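Subject: Handover of a structure

Dear colleague,

Please find below the structure that I am passing on to you, together with its sequence. A description of what was found follows.

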Amino acid sequence: QVQLVESGGGLVQAGGSLRLSCAASGNIFSTSVMGWYRQASGGQRELVATITRSSWTNYADSVLGRFTISRDNAKNTVLLQMNSLKPEDTAVYYCYAWGATVGNYWGQGTQVTVSS
C-alpha cells in the first residue's frame with residue numbers, strides 16, 4: 001500500500017500564495033507519477049498538475065504559469081507552489097500517486113479557500 005498525507009492548505013486572499021506538501025510512505029517502489037487534483041464543492045475532481053520521477057511536469061491550462069509542482073524523490077515528497085491565487089482555485093486538493101503495478105492512490109485532501 002501507499003499512504004499519501006497532504007498539508008499546507010488554508011485560507012488566503014485573492015492574489016496570495018500557498019504551498020501544499022504531500023508526503024508518501026509505504027510501498028512506493030513502483031510509483032511513477034505523483035501530482036495534485038482538486039474538487040470544488042459540487043464539482044468534479046480535475047487535474048491540477050502531475051510530475052514523473054524524472055521530473056517531467058504537466059499542468060492544467062487554468063493553473064499554468066501560476067502553479068509550480070516539484071518532487072523530491074529521496075524524501076518521497078511532492079510540493080505544489082501556488083501563486084496569484086484566484087477565488088476559482090477554491091477546492092479540496094488531493095495528492096495523487098500512480099504506478100503501473102500498484103495502481104492509483106489518493107490522499108485525504110486538504111482544503112484551499114481563496115477569498116475575494
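The structure holds three salt bridges, a salt bridge being a side-chain nitrogen of Lys or Arg within 4 Å of a carboxyl oxygen of Asp or Glu. Please note that this is a predicted model, in which local features need pLDDT of at least 70 and side-chain atom pairs count only at pLDDT 80 or more, while totals for chains, interfaces and linings use all residues. Residues are numbered from 1 along each chain as its sequence is written, and side-chain values use heavy atoms, with hydrogens and water left out.

**The salt bridges**

R38, E46, R66 and D89 are linked in a network. In it, R38 forms a salt bridge with E46, and their closest N and O atoms are 3.0 Å apart. The side chain of R38 also meets that of D89, at 2.9 Å from N to O. This pair links distant parts of the chain, since R38 is in strand 4 and D89 is in the loop between strand 8 and strand 9, 51 residues apart. Strands here are DSSP runs (E, at least two residues), numbered from the N terminus.

R66 and D89 form a salt bridge as well, at 2.8 Å from N to O. R66 lies in the loop between strand 6 and strand 7 and D89 in the loop between strand 8 and strand 9, so the pair ties together parts that are 23 residues apart in sequence.

Which of these residues are buried? Both R66 and D89 are, where buried means under 20% relative accessible area, exposed over 50%, and partly exposed in between (1.4 Å probe, protein chains only). D89 has a relative accessible area of 0%. R38 is buried too, because its relative accessible area is 6%, whereas E46 is partly exposed at 39%.

**The disulfide**

The structure holds one disulfide, defined as a pair of cysteine sulfur atoms within 2.5 Å. C22 and C95 form this bond, with their sulfur atoms 1.9 Å apart. C22 is in strand 3 and C95 in strand 9, 73 residues apart, so the pair links distant parts of the chain. The torsion about the S-S bond is about -85°, which means that the disulfide is left-handed. Both C22 and C95 are buried.

**The sheet and the core**

An open sheet of four strands has the order 1-3-8-7, with antiparallel pairing; two strands pair if DSSP finds at least two bridges between them. Strand 1 (2-7) and strand 7 stand at the edges, each with a single partner strand, so one side of each has no neighbour in the sheet. Strand 1 pairs with strand 3 (residues 18-26) over six bridges, in the antiparallel sense. L4 stands opposite A24 in strand 3.

The largest nonpolar core has 28 residues, of which W36, L80, M82 and Y93 touch the most other members. Such a core is a set of buried Ala, Val, Leu, Ile, Met, Phe, Trp, Tyr and Cys residues joined through side-chain atoms within 4.5 Å.

**Two further residues**

T50 is placed in strand 5 (residues 46-52) and is buried, with a relative accessible area of 14%. A60 sits in the loop between strand 6 (57-59) and strand 7 (67-72) and is buried at 15%. Leaving aside neighbours within four places in sequence, A60 is in contact with L47 and V48, contact meaning heavy atoms within 4.5 Å.

Yours sincerely,
A colleague
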